[in-house]
Amino acid sequence: MSIRKHVPIEHAEWSVQPPADWVQQRSVDWNWRPGESHGFGYFLIDEQHHVASQALYARTVKMLASLSAVQTQSQVVVEFDPAAQRLQLHELAIWRMAADGAWQKREPVAKEAFLLRQREQQFEQQMLKGYVSLVALLEDVRIGDVIDLSWTLLPREPLPGLLFTALHFLAWSVPVAHYCLALHASARLNLRWCLHAPDGVPLPIETAETDGVSWRFLRPPIFQAEGCVPGGHWPFPVLEASAWESWGQVARFFAELWADAAHDYSPGIAAEAQSLADGKTRAEAIVAALRFVQKDIRYLSVDFGHGAGMLPNGAGTVLMRRFGDCKDKSILLAALLRELGLAARPVLVASGWRDGIKRLMPSTACFNHVIVGFEFDGQRYFADPTVVGQDGDLAHLTAPPFGAGLVIEPATDALLDLPPPALAELTLTETFTLDRRGREGAVEQVLEASGWLADDIRAAILNQGHLQFAKHRADALQQHFPALQPNPDSLQINDDSDSNRIELRSRHGLPTWGQAERKPPDFFSYGAHGLFLAVETIDPHQQRAQPFQLCHPLRVCHSVVVHGKAVKKQKAGAFRHEGPGFRYWADVQSRRREVRFDYRWESTATEIPSEQWPAYCQQRAVALERAGALVHTPAFKPLAAALRFFPVLAVVGGLAVGWLGNAGNNRIVREAGGIEAAGSKAFEHVKRSEFTQGYELAAAVQPNYRNNFDFQIMFSEAAIRTGHFAEAEQALEKARSQRAGDILPEQLQAALFEARGQLPQALELLKRLATQTGAPERLYADLARISERMGEFGAAQTAWETVLARHPAEPEALYSLAHLMWMAGERERADNLITGVIASQPVSSAALESALARYFSVTSRPERAIDPARRAAESEPGDPYLAYKHVRALIESRRYDEALAVAIGVNEKFPKQPMAAAALATAAAMANDNLRAEPAFKEWVKLAPDNPDAVSSYGFFLHRVSRDLESQTVLEQATRKFPSHGNLWLNYAVTLEALGDANAAQAREQAARLMTDEQRATLVR
């Protein structure tokens, strides 16, 4: 049973007529413009409520300032509910600026040009609303046109007793010149209103009118939405108006409105309740009724007809149909519980705002969800009948996390505080059995969860299906272990429905913990990924003006157990850390042939205030630095065994063995904690591009890993980047002997050729490697770069296009291809390529903005480089390199004082970062602040010994301050370490010329041969 009245589309009421007399006409500021960075904006948004009739007038005057806006905004759509509303369209017209600058209105669109269409936009979300859309396809719309649309929505047979209420969120993501809101109401209507706003935000101007009140908001700020904001936090003005006097009045209205639906078809409800209660205790019968409505009554919202969105279907109707929305399912559950002898009532809640509704005036507009409250044995419970996958007896029933609600019964006089969420726990234990022979290797996963986390896992299994869920879990693990042999059929589910705990077990084959078809590596590496099954993932570089919502209370544990004959015992340890909103533990235990890592994360707060966000990100990063399992798993080596069991022999034979014959190496290995620790730390340093530290450690233990392919690859890269070319050559030869045909040593050989300045050899090798099947993307990038340096621009363009075909927005490839097109004279096409790709991205990217800045810089447009460089630095405030690039853009535009001011701030923010020192050194030198520049240059060289730009810039600074002999010494040593760096040779040549040295001409030739176009274009003197 339902008192709704359904209205088919052919009976929808709409007309074209002038606005009512109560509507006030607003003026438009035609001189305003939305700005170059926005495709469209609103000259005017005008909303006017007629409180007595509950009619709403609206007018939008929108300017289309770009081609994409013309494409997407030229179809006018006005949506309305034909069962609850009548539409009056007043005018749809296009304004266009004439040649003399005057705005001219074109002929308004005729009624015959409108189409009435019906489509369900939320059908995939199981929601049918029955709305219809009035659509107009505008003709001859051009960039710069303004679309002026006005209409009024009037109620069609309003629900009895429904009073006026309105909520307006004064936030827009596009530019708005003028927003107007008016409430037309007489004093007898007892209308109240309230403006909620956080401190410091601009507010609309309130004006008392003869027939009510109005607000004007001129140039409201553009609102930047942030994710994971607590529902009760409104970072913008919220204006509410209500004719309701109390929450009791609202509760009585709903109780009367829903009375018929609640008592519909009582005999059928009674029979179902009896069936659910047979053979059960009363408590078990209550749970059975809840599970019946959750599982057997599918969720489907059919909000057709008069009263849709506010009126439920009858309990008997829902039982017969076996589907319904939150209202319908709550009505049915409350009816079943009443048949079981309980006092049960629907409870209105706000799923997003939660207890934020306690700040609002009484109204019907703040609720969007319904749950059920009931009493049993003197205790009050709350249940959400729409939850999928929930289990647990009454003692373990997960309370809905909505904070506050309104019980629908006549006796209600206030909002009710709902119970806080109970602790939810998740534990993942992964046991890796490692077998270097590839026969018995395996990984066993045990996932346990309780509370709402258990509910979420059950829901995922129900929605995806048992095997698909298992496959997704195995696929996630295979991302870390490519050789994994997934076995989805091994998934076992143990579900304790009474205590609401679930356990999942699975086992997969793991022949190697490295790449498939290769020998197992000497290190097992894995992170605490299980924590992020429940802990929020974040962007640590994000700047927030709004608080961040945390899952609370929450406890997540991830244990990684690694055992097998190949596993080396390691030192036990314990780590504890605490930061805003969390506590973290990391423990390492070890015994023979087994290492265990235990990670635990607990929440301590419901949210992180915006002012604590930087500290939260920083302390969280500190904690999660200890969230990686690194286990030494070496193959058996007779030499290593001899060293272990015969130390005297090892000392005597030290010179033959290698490192023991070198006192410096002895010290390095000892300070690192032994051979294995030194090797492990070397990998980590190279991974972080700390090549000097990596090289020192790797060189000290290199003989002990002479048969390890991965180590030789790592060592060769460190040696190339630190100028130890002979050692790099030897390491590459060893790597080739261990894995013939592998492409990695050849890629590094090309890098070695380039580092030595042997560009033709590097290019020839890369061309040959690119013909191999499955050549990696990085190889094409290297090929493109070297081809460009050798003047083979066609080959470079083809290689960059290959990279972009795989990754259409790869910043380096996008910049380089656009630069090549610019140099070829296709300047407009180059600009369109790079700006078009960046504009098409769904979210802004610091890497792409930096690429755009670099492009403008190298194409001699430094002023245009400043804004994208600044945007890149602002979007990634934790990246000192992007801050340095912003400073460079200012320097290249000759804004030396501004560059120095920014650089000083960067250096204060990143006191031990090489790029911060680089920014300060360069900016100070260009501002002739030599007292500040010299220590900054020295700090840059100290912090970045592997960066040729650091020593090159310092050498040139010494030349500028007339210390040419010092400059010569510094730059001469640097040319031996970095023989292929063009800028370095140029600065060396300048210094030699100042000294009258005959070798200056040869240095000039080297500079001319090695300098790239970008180095020439961005040279700072």
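## The chain as a whole

Of the 1021 residues in this protein chain, 52% count as buried, meaning under 20% relative accessible area with a 1.4 Å probe and protein chains only. The model is predicted, so local features need pLDDT of at least 70 and side-chain atom pairs count only at pLDDT 80 or more, while totals for chains, interfaces and linings use all residues. Residues are numbered from 1 along each chain as its sequence is written, and side-chain values use heavy atoms, leaving out hydrogens and water.

The C-alpha trace spans about 100 × 85 × 50 Å along its principal axes. The chain holds 35 helices and 36 strands (DSSP runs numbered from the N terminus: H or I of at least four residues for helices, E of at least two for strands). Its accessible surface comes to about 46,900 Å², with 51% belonging to carbon and sulfur atoms (Shrake-Rupley method, 1.4 Å probe).

## A helix pair to look at

Now to two helices: α5 (residues 282-296) and α7 (residues 326-339) have axes that come within 10 Å and cross at roughly 160 degrees. Those axes are lines fitted to C-alpha atoms over the stretch in contact, with angles running from 0 to 180 degrees between N-to-C directions. The crossing angle makes α5 roughly antiparallel to α7, a label for angles over 145 degrees.

## Who touches whom

On the α5 side, the contact (heavy atoms within 4.5 Å) is made by Ile286, Ala289, Leu290, Phe292, Val293 and Gln294. From α7 come Lys329, Leu332, Leu333, Leu336 and Leu337.

Notes: Angles under 35 degrees count as roughly parallel, over 145 as roughly antiparallel, 65 to 115 as roughly perpendicular and the rest as oblique. Buried means under 20% relative accessible area, exposed over 50%, partly exposed in between (1.4 Å probe, protein chains only).
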